[in-house]
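Subject: Structure handover and notes

Hello,

Here is the structure I said I would pass on. My notes on it follow below.

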Amino acid sequence: MQLPKNVVFILNELYKRGYEGYIVGGCVRDYLMGIKPHDYDITTSALPEEVKQIFSHTADTGIQHGTVTVIIDKVGYEITTYRIDGEYKDNRHPEEVIFTDRLTGDLSRRDFTINAIAYNNIKGYVDLFGGMEDIKNRIIRGVGEPDKRFKEDALRMMRAVRFSAQLDFSIEENTMKALKENAGLIENISIERIREEFFKLIMSDHNERLQILLESGMTEYFLPEIIGKDIDYGKINNLSYDIVVRLSYILKDVDSLQVSKIMKRFKADNKSINAVSLVSKLREYEISDLYSMRKLISKAGENTKRVIEIICAINGSSYENCIEMFNSVKNDCCSLKELAIGGSDLINIGIKGKAIGENLDRALDYVMAEPWKNEREVLIKYIKGEF
Ligand code: ATP
Ligand code: MG
């Protein structure tokens, strides 16, 4: 395996001082699948304090789990001391972290066989649980007894489905059985951690695997609204890599008022809550001509393209055609801000109170139908009823 020079440097420095060091987890898995790893995690027999003594630039990013980040050429490499997890309470984090000098212990605490392979240039691959075979056969299999592993940390069940969608792997029978039996334990996991896995799942290229999530019974605990809905999840793979668009599609058969409650339940950021709620409200809007497109822009603003994508995904009309229409009107006046008259113009001609807003809205609608009429004189005459 061809390792980046900084990774080789780190492993060599550890080795020179009598410690072991291996790359492990996602980067080994990705490399074996022919995917370029996005980062390199290193596992070592050295204790965090020892790692900090060896390297000149480090940051204590997760010292409580034994992780020190070594920074070389502005890139961070997470170096974690071999550990076995202490006792788990409430199906969540272990009570304590116990360091060990054995790689075997560290690999046994990892979630899936495909994530439990270590590698360095001296020992080559250390694959104690058949992870390489499982990668070849495209299988997600729990390390050890899946039932026990899911009871220890219920988030692993979400991770199983997420990896299955990201990698297009199937879930091994015994692992799937344990998943179904322990689905209810997901209730003990914080919504933030569930959300992170769920969002990664729907940003993957294999949303048809959402079916596994439904089959597992976990959906009931954090998104019961989609159970029993007739949705072709595979269609999501063709949508933009945009969490707002993808969520809006998944929730397309859920009442739009409920959609905003769901987004709040996920503790999503306000911008996403508002965007998904708005897209859902407008998902049945009919785009029939340029006027209706301008009106859509006035309602959806910066979210217009997202709304168009969802409208087309739902009703089957051509996204390209709609975007062409959108591009042809996007610079026209579609908001009060762009209107050639403002409140003070109306006050000057004697309009007061509520009537100001009403007349501005009327003028905007007039301009959206015939954009060349967005001129001050023309609009004043229109409001005065002179034509
Ligand atoms: P990604 O490409 O998504 O980063 P990854 O495999 O690197 O995939 P991480 O969440 O970054 O996933 O975790 C790094 C490694 O730590 C995993 O490969 C796995 O060995 C281990 N790990 C992470 N979370 C758990 C968990 N909940 N239980 C057991 N092992 C875990
Ligand atoms: Mg990772």
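How many salt bridges does the count come to? The count comes to 30 salt bridges, where a salt bridge is a side-chain nitrogen of Lys or Arg within 4 Å of a carboxyl oxygen of Asp or Glu.

Please keep in mind that this is a predicted model, in which local features need pLDDT of at least 70 and side-chain atom pairs count only at pLDDT 80 or more, while totals for chains, interfaces and linings use all residues. Residues are numbered from 1 along each chain as its sequence is written, chains are lettered from A and ligands numbered from 1 in the order in which they are written, and side-chain values use heavy atoms, with hydrogens and water left out.

Salt bridges

Buried means under 20% relative accessible area, exposed over 50%, and partly exposed in between (1.4 Å probe, protein chains only). Helices and strands are DSSP runs numbered from the N terminus (helices H or I, at least four residues; strands E, at least two).

Aspartate 134 is paired with arginine 141, and their closest N and O atoms are 2.9 Å apart. Aspartate 134 is buried, at 3% relative accessibility, whereas arginine 141 is partly exposed at 29%.

Arginine 159 and glutamate 197 also form a salt bridge, at 3.9 Å from N to O. This pair links distant parts of the chain, as arginine 159 belongs to helix H7 (residues 155-167) and glutamate 197 to helix H9 (residues 191-202), 38 residues apart. Arginine 159 is partly exposed, with a relative accessible area of 23%; glutamate 197 is buried, at 4%.

In the pair of glutamate 225 and arginine 265, the closest N and O atoms are 2.3 Å apart. Here too distant parts of the chain are linked: glutamate 225 lies in the loop between helix H11 (219-222) and helix H12 (243-250), and arginine 265 lies in helix H13 (residues 256-265), 40 residues apart. Glutamate 225 is buried at 15% relative accessible area, and arginine 265 is partly exposed at 32%. Salt bridges with shared partners also join Asp111, Arg159, Arg162 and Glu197 into one network.

Helix packing

Axes are lines fitted to C-alpha atoms, for helices over the stretch in contact, and angles run from 0 to 180 degrees between N-to-C directions. Angles under 35 degrees count as roughly parallel, over 145 as roughly antiparallel, 65 to 115 as roughly perpendicular and the rest as oblique. Contact means heavy atoms within 4.5 Å.

Helix H15 (residues 290-300) packs on helix H16 (residues 304-315) at about 120 degrees, with the axes 9 Å apart. H15 is therefore oblique to H16. H15 contributes Met293, Leu296, Ile297 and Ala300 to the contact, and H16 contributes Thr304, Val307, Ile308 and Ile311. By class, that gives seven nonpolar, one polar and no charged residues (Ala, Val, Leu, Ile, Met, Phe, Trp, Tyr, Cys and Pro count as nonpolar, Asp, Glu, Lys and Arg as charged, and the others, Gly among them, as polar).

The buried residues of H15 include Met293, Leu296, Ile297 and Ala300, along with Ser292 and Arg294. Their cover includes helix H14 (270-281), H16, helix H17 (319-329) and helix H19 (354-369). After H15 comes glycine 301, which has a positive phi near 50 degrees.

The axes of H13 and H14 come within 9 Å and cross at roughly 165 degrees, so H13 and H14 are roughly antiparallel. Ser256, Val259, Ser260, Met263 and Lys264 of H13 meet Ser272, Ile273, Val276, Ser277, Ser280 and Lys281 of H14. This contact divides into four nonpolar, five polar and two charged residues.

Two single residues

Glycine 25 sits in the loop between strand S1 (21-24) and helix H2 (26-32) and is buried, with a relative accessible area of 7%. Leaving aside neighbours within four places in sequence, glycine 25 is in contact with Asn115 and Ile117. Glycine 25 and isoleucine 117 are 92 residues apart in sequence, yet 6.2 Å apart in space, C-alpha to C-alpha.

Asparagine 359 is in helix H19 and counts as buried at 12% relative accessibility. Not counting residues up to four places away in sequence, asparagine 359 touches Leu346, Ile351 and Ile383.

Regards
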